[in-house]
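Take a walk through this structure, one part at a time. Keep the sequence and the 3D view at hand.

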Amino acid sequence: MSTSRQVRKSAWDFRRGIATARVLTQLGLDHGVPIEHTLRHTGITRAQLDEPGGEIEALQEVQLIRNLIHDLPHVPTLGLQAGTRYHLTTYGLWGYAVLSSPTLGDALSMASRMINQTFSLTINRIEQRDGLIVSSFLADHLPPDVRLFVLDRDRAAAVTLQREVLGHPLPYIALKMRRPEPTPDVVEAYTSLFGVRPEFGASSDLGMFEAVLAQEPLPQSNSHTAALCEAMCRKLVDARQTRTGTAALVRDRLLRTPGHIPDMEEIAAEMSITSRTLRRHLTAEGVTFRALLEEVRTTLAEELMRTATMTHGEIAERLGYADVTTFIEAFRRWKGMAPTAFRRANGMTNSGARSPRRRFVAQPVPKANGLADV
């Protein structure tokens, strides 16, 4: 196997969280297909579907998709339906890392670098051309019988995430598909989801939008996106230490707005009490505001190091630190060692302690598998 082919394989054939199997089996159930039918020949058991940290192989997911297609041949939009079920909360800390990015360009860069934290089976490449951002989906490495479903699933999942990250639909300039033009109802389904009628019979599968949108700030204070972030992070922090009473309210508020950690005065004002009263309530529960703040930051920092390929600067930004140096000093206080030493001691990838915040960087689309540039 050539090196280039190995690279392409590693870009999609990685172990993935069991959440994708839950999404797909539920899709089957909603169409009347029993879970046992959807899971046949996959090696996945019903018990595995309920394992929080469970993982499956890419080819197990391919077989699961093949089963769905076999049982539901009369549903031509099945892939699109599947993709719209992959929400930010489905991706765990990957979703948090993307959602809490400062701009759409940062989110695109983060998403592409952390692709093995997703459920993608296509290979997604992004580049900038003449004022446009071009996002291509490569699928020729997949078996022909699942290729269209996967393309539809991954494209629909991408647009669903874009809407949740931005708080509104991403305005596509054009959408190109290699598939022949389908029936009018399927064309309408594509047009409704993507906001633009696809061009069928094209040389590549891709979408295009204005490059200036990459600089658009993400609405981190938007109530919907804030709720998604809070839900993703609360479950993680709860697993470490359950809180009740005022301490739980304060901790949940600290989780609510990524990149902006409120101080005690701000939280007290939101609770319609004075900071002195808030401090008294916390003291009665045996905890301090600083302890809650460090509990949240420590847990999220460690998990972002463990599950996300993020620089220390990016982690510092998401935890509300003014700069990476302040974060590193705080981490030394929590763990007794620098973040780089902590990564090394725990067998984690060292992403670079002091790298500056990464902005969107265009990636050329390789002319692979017979796909050509536009």
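Where is the place of L121? L121 sits in the loop between α8 (104-113) and β3 (123-129). Helices (H or I, at least four residues) and strands (E, at least two) are DSSP runs, numbered from the N terminus.

Before going further, a word on the source. This is a predicted model, in which local features need pLDDT of at least 70, side-chain atom pairs count only at pLDDT 80 or more, and totals for chains, interfaces and linings use all residues. Residues are numbered from 1 along each chain as its sequence is written, and side-chain values use heavy atoms, with hydrogens and water left out.

Back to L121. Its relative accessibility is 0%, so L121 counts as buried. Buried means under 20% relative accessible area, exposed means over 50%, and partly exposed lies in between (1.4 Å probe, protein chains only). Leaving aside residues up to four places away in sequence, L121 touches several others, among them W12, R16, E61 and L142. Contact here means heavy atoms within 4.5 Å. L142 is 21 residues from L121 along the chain, and their C-alpha atoms are separated by 8.0 Å.

R16 lies in strand β1 (residues 16-17) and E61 in helix α5 (residues 58-71), so the pair ties together parts that are 45 residues apart in sequence. R16 is buried, with a relative accessible area of 1%. E61 is buried too, at 0%. A salt bridge is a side-chain nitrogen of Lys or Arg within 4 Å of a carboxyl oxygen of Asp or Glu. The structure holds 24 salt bridges.

Helix α5 also contains D71. D71 forms a salt bridge with R40, with the closest N and O atoms 2.9 Å apart. R40 lies in the loop between α3 (35-39) and α4 (46-49), so this pair links parts that are 31 residues apart in sequence. D71 is partly exposed, at 24% relative accessible area. R40 is partly exposed as well, at 25%.

Now turn to D205 and R178. The closest N and O atoms of their salt bridge are 3.5 Å apart. D205 lies in the loop between α10 (184-194) and β6 (206-210), and R178 in the loop between β5 (174-176) and α10, so the pair ties together parts that are 27 residues apart in sequence. D205 is buried, at 4%, whereas R178 is partly exposed, at 30%. Salt bridges with shared partners join D140, R147, D152, R155, R178 and D205 into one network.

R343 is found in helix α18 (residues 339-345). Its side chain makes a polar contact with the side chain of H312, at 2.7 Å. A polar contact is a pair of N or O atoms within 3.5 Å; within protein, one must be able to donate a hydrogen and the other to accept it, and residues adjacent in sequence count only if both atoms are side-chain atoms.

Finally, the whole chain. The protein chain has 18 helices and 6 strands. Of its 374 residues, 54% count as buried.
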